[in-house]
Amino acid sequence: MASISATGEDDFLSHVMRVRSEIRDKFLRAHKVLQDREADLLAKLQEWEDALMNTLTGNASKEVLEKSTALIDASILELERKLQSVRDTYKSVTLDWDVELEDKLSLTGDILLNVVTERQVQDYKKIEMPVVTFGKHINRLSSSPGVFGHPAGLTIDPTTSYLYICGLGNDRVQVFNKTFEFLFQFSEKMEGPSCICIKGNKVYVTQYSSHLLTVYSTDGKYLLSIGKKGNNHLEFDKPRGLDVSTELNRVYIAEYGNDRIHCLNLDLSFHSIIGDILGA
């Protein structure tokens, strides 16, 4: 792992921010082009639909009516195909944001990890196949044990060794023992649970969809919630990461929507905010 000085960190962070800004500007321009194209296609689609309605309500002969209707239907179908293509491209461009950002920073990825996490990363090329896999996906809204809808976060209770897994897609936390046998689940006040952390006898869960931090007992009893959507103190936007430090008496929440880290005291009162450096 490469190590860098404080000055080097500042230079590197400036590089990251510059690259991130360049890529953001590029994709915003692409989004604008696609949005304009979508608006144009929607306007043309409305024109053809109006033409179809006028044809159907007119006094044309049956033969003319059939030909006109067939032509207009074909035109509408072609416009709908183009519209869907534009929307698929729009989605693809959005998904490509993170890929290009990662590619741009790949040459200094080891330094990035060192700056952001301050952890030594061992030879990642020696990653082996999983020892065990479990669970299945039938329906993301399923409440059946062992069925996962976009599992987004997990943690292990150091006291019991129970495994807690957030189901972002089916709004619940499932709990398993050391042999991955289902024990219980809880879902009260859950809307898109994205990350989970256990400290003492409390379970902290970030709610991506409802923009909340919720707290439970380790047996799943709901205790309290804080927050709402926004960018002020004790307001969150798509909270996605979470950590709790009893040593520092802090709760750290990474907000995807606000590009910041929200720092709370252990009593969940506001402490501070770390602003937009690398994004949440």
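User: Which of the chain's elements has the lowest mean pLDDT, and which the highest?

Analyst: This is a predicted model, in which local features need pLDDT of at least 70 and side-chain atom pairs count only at pLDDT 80 or more, while totals for chains, interfaces and linings use all residues. Residues are numbered from 1 along each chain as its sequence is written, and side-chain values use heavy atoms, with hydrogens and water left out. The pLDDT is the predictor's confidence in each residue, from 0 to 100, and elements are DSSP runs numbered from the N terminus, namely helices (H or I, at least four residues) and strands (E, at least two). The lowest mean belongs to H3, at 40, and the highest, at 97, to E7.

User: Over residues 100-129, under what value does pLDDT stay?

Analyst: Where pLDDT is low, the predicted coordinates should not be read in detail. The model has 38 contacts (heavy atoms within 4.5 Å) beyond four places in sequence for residues 100-129, and over this stretch pLDDT stays under 50.

User: Is Thr-214 buried or exposed?

Analyst: Thr-214 is part of strand E7, which covers residues 212-217. Buried means under 20% relative accessible area, exposed over 50%, and partly exposed in between, using a 1.4 Å probe and protein chains only. Because the relative accessibility of Thr-214 is 0%, this residue counts as buried.

User: Which residue's side chain has a polar contact with that of Thr-214?

Analyst: A polar contact is a pair of N or O atoms within 3.5 Å; within protein, one must be able to donate a hydrogen and the other to accept it, and residues adjacent in sequence count only if both atoms are side-chain atoms. Leaving aside residues up to four places away in sequence, Thr-214 touches several residues, including Tyr-204, Gln-207 and Tyr-222. The side-chain polar contact, at 2.8 Å, is with Gln-207.

User: How far apart in space are Tyr-204 and Val-215?

Analyst: Tyr-204 lies in strand E6, residues 202-207, and counts as buried because its relative accessible area is 5%. Tyr-204 and Val-215 are separated by 11 residues in sequence, yet their C-alpha to C-alpha distance is 4.7 Å.

User: What kind of aromatic pair do Phe-148 and Phe-176 form?

Analyst: Rings of Phe, Tyr and Trp (its six-membered ring) pair if their centres lie within 6.5 Å, and planes under 30 degrees apart count as stacked, over 60 as edge-to-face and the rest as tilted. This rule gives 6 aromatic pairs. With 6.0 Å from centre to centre and 50° between the planes, the pair of Phe-148 and Phe-176 is tilted.
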